[in-house]
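Here's a walk through one protein model, taken a piece at a time. Keep the viewer open and click along as you read.

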Amino acid sequence: MTSDDARPLQDRPGEAPAGEAVVTCEDEAATCRAAEDLAMALRPGDCVCLVGDLGAGKSTFARALIRALADDDALDVPSPTFTLVQSYTLPRFAVAHFDLYRLEDPEEVDELGLEDALETGVALVEWPERAAAAIPRSRLVLRIDAEVQEGARRLAFSWEEGDWGHRIARTFAIRDLVVQAGMERATRRYFQGDASPRRFETVVDGERRAILVNADPALRPPAPVLRDGLSYAEIVHLADQSSEAVVAVAHALRERGFATPALLGADLQAGILLQEDLGRGKVVDTEGNPVPERYAAAMDVLADLHATPPENPLPLPEAARASPNAAWHLPSFDLRAFLVEVELFLDWSLPEAGITADDGLRAEFAALWTPLLESALAGSRTWVLRDYHSPNLIWRAERKGHERIGIVDTQDTVIGPDAYDVASLAQDARVDIPRQLEADLVARYVARRLEIDPAFDTERFARDYAIVAAQRATRILGVFRRLHRRDGKPAYLRHLPRVRDYLVRALKTGDLAELREWFAGHDPDLAEHLGRTAH
């Protein structure tokens with residue numbers, strides 16, 4: 001696929017375009033890849049108009065785009081020439097494919113449901129000039145022209161308003177990065193999202209597989225100031241929009257013999273990374289239950305990682321040296337970060353019990369937590385990957401040793417208490433970990449640390465484990481409520497009973513009696529499980 005100079009488009013309804021971009025595809029396969037590239041840039045509410053002569057390849061382009069969105073290369077995508085519209089209910093959003101060539105009256109397009117289709121999905125419209133007045137101004141127009149060479153196509157994109165220029169440029173920049181990595185004929189498919197604005201794709205070219213990380217700076221939500229002139233993310237040291245953090249931490253762990261994705265290509269300033277695909281194996285079984293041997297292997301990885309404290313700052317790998325920064329400095333987990341995290345419980349969980357946290361209650365809460373967290377912070381300090389649990393651990397049965405556990409999503413790594421990630425794994429927020437398995441996993445970690453260093457302080461570690469397990473569960477209860485109420489992600493609510501039970505486990509441990517009494521006195525649900533009566 002090669003870029004050309006933009007030129008005016010014919011058959012385009014409305015005024016002159018605000019922007020244009022033109023590419024040439026040397027054959028039908030390249031045209032289909034361009035359709036995949038556009039598919040990865042689409043979102044609900046988009047209207048894409050396909051313009052061109054009969055036989056230009058509009059239906060071929062539409063078919064490839066719909067199959068890419070469906071992640072099904074064999075999906076039957078008939079031309080809607082006679083039905084006028086063909087609808088598809090796809091995993092991410094619905095797609096309606098319109099062909100207006102046989103439309104007798106432009107007003108009939110309303111009866112076909114174009115407006116309804118755009119409310120929650122995407123519309124592809126062939127022959128849009130037959131109903132120009134009904135097509136929204138926010139449309140993307142794609143004119144397809146056959147070239148002299150058989151099979152070649154010239155694709156000319158134009159738009160009058162919206163962010164199409166940014167989206168088109170970005171999706172083709174991603175294709176360029178994939179090609180530079182030697183995957184010239186790769187297919188791109190939406191993979192998954194997470195709780196951040198990042199998007200992921202699978203990139204497959206024959207036997208080669210990669211994961212595309214798309215952290216578009218334009219999609220970063222505004223970060224309101226929480227306190228001291230800093231946002232929540234800045235206070236708690238989140239770096240999930242920093243490509244330097246992603247590649248530096250992964251590189252450092254690989255250098256130490258742990259299985260993180262190799263970097264295949266990067267545009268760090270644009271937030272585009274192409275990484276090795278570590279596979280799809282899980283540390284849970286098909287029913288979502290923990291597989292003890294796999295969790296044990298993951299705990300062994302953690303124990304050995306903690307025996308090799310990080311050198312700070314972490315250098316970037318050679319493939320990422322185009323960044324203005326040559327290294328990434330790991331921040332330290334500190335008291336302010338810990339306290340701001342547990343305050344999420346006050347902000348998002350307590351209101352469910354009808355309680356509004358005033359300044360006095362907040363001060364009381366902080367006063368209980370402060371000496372505990374200061375104690376944990378004063379202990380052993382090492383890597384804290386922060387989300388070392390089932391969604392980010394990939395089981396690779398065919399490998400040996402630590403290579404069996406693939407580790408992803410490490411960009412928020414900080415320096416902090418060694419017990420933190422142990423609690424993250426042994427009290428997996430998304431998996432029911434029985435009490436005995438939790439105890440076995442923690443004991444396995446301690447035994448491995450003692451094997452490496454006979455001076456390892458087991459009493460200190462047990463105390464820290466209870467504290468950070470309680471802190472982590474308290475934070476997660478607030479985070480999952482926030483994801484539901486603020487971000488419209490109710491799926492996280494199903495994890496709340498499990499995390500509540502983890503918090504109860506931690507609160508029933510030794511030095512947390514005062515904190516236990518506070519929770520029992522303010523949250524009726526926790527009080528019931530703690531054997532107390534809330535007041």
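This is a predicted model: local features need pLDDT of at least 70, side-chain atom pairs count only at pLDDT 80 or more; totals for chains, interfaces and linings use all residues.

Where in the chain does Asp228 lie? Asp228 is in the loop between strand S12 (225-227) and strand S13 (230-231). Residues are numbered from 1 along each chain as its sequence is written, and side-chain values use heavy atoms, with hydrogens and water left out.

Back to Asp228: its phi is positive, about 55°, although it is not a glycine. Most residues other than glycine have a negative phi, and most peptide bonds are trans. Asp228 is exposed, with a relative accessible area of 60%; the cut-offs are under 20% for buried, over 50% for exposed and partly exposed in between, with a 1.4 Å probe and protein chains only. Arg386 also has a positive phi without being a glycine, at about 80°. Arg386 sits in the loop between strand S18 (381-384) and strand S19 (393-395), and it is buried, at 5% relative accessible area. Pro313 belongs to the loop between H8 and strand S16 (314-315).

Now for another loop, the one between strand S15 (272-276) and helix H8 (292-306), where you'll find Asp277. Asp277 is buried, with a relative accessible area of 14%. Its side chain reaches the backbone nitrogen of Gly279 at 2.9 Å. That falls under polar contacts: pairs of N or O atoms within 3.5 Å, where within protein one must be able to donate a hydrogen and the other to accept it, and residues adjacent in sequence count only if both atoms are side-chain atoms. Setting aside neighbours within four places in sequence, Asp277 is in contact (heavy atoms within 4.5 Å) with Arg209, Ala210 and Ile211.

On to the helices. H1 (residues 28-41) has 14 residues and spans 20 Å from its first C-alpha to its last, close to the 20 Å expected at 1.5 Å a residue; the expected span is 1.5 Å times one less than the number of residues. Eleven of the 14 residues of H1 are buried, so the helix is largely enclosed by the rest of the structure. Among the buried ones are Arg33, Glu36 and Asp37. At the start of H1, a side-chain oxygen of Asp27 comes to within 3.3 Å of the backbone nitrogen of Ala29. H2 (residues 58-70) has 13 residues and reaches 18 Å, close to the 18 Å expected. Its buried residues include Lys58, Phe61 and Leu65. After H2 comes Asp71, with a positive phi near 55°.

Last stop, strand S4 (residues 85-88), which holds Val85. Not counting residues up to four places away in sequence, Val85 touches Pro80, Ala96, His97, Phe98 and Leu112.

How values were computed:
Helices (H or I, at least four residues) and strands (E, at least two) are DSSP runs, numbered from the N terminus.
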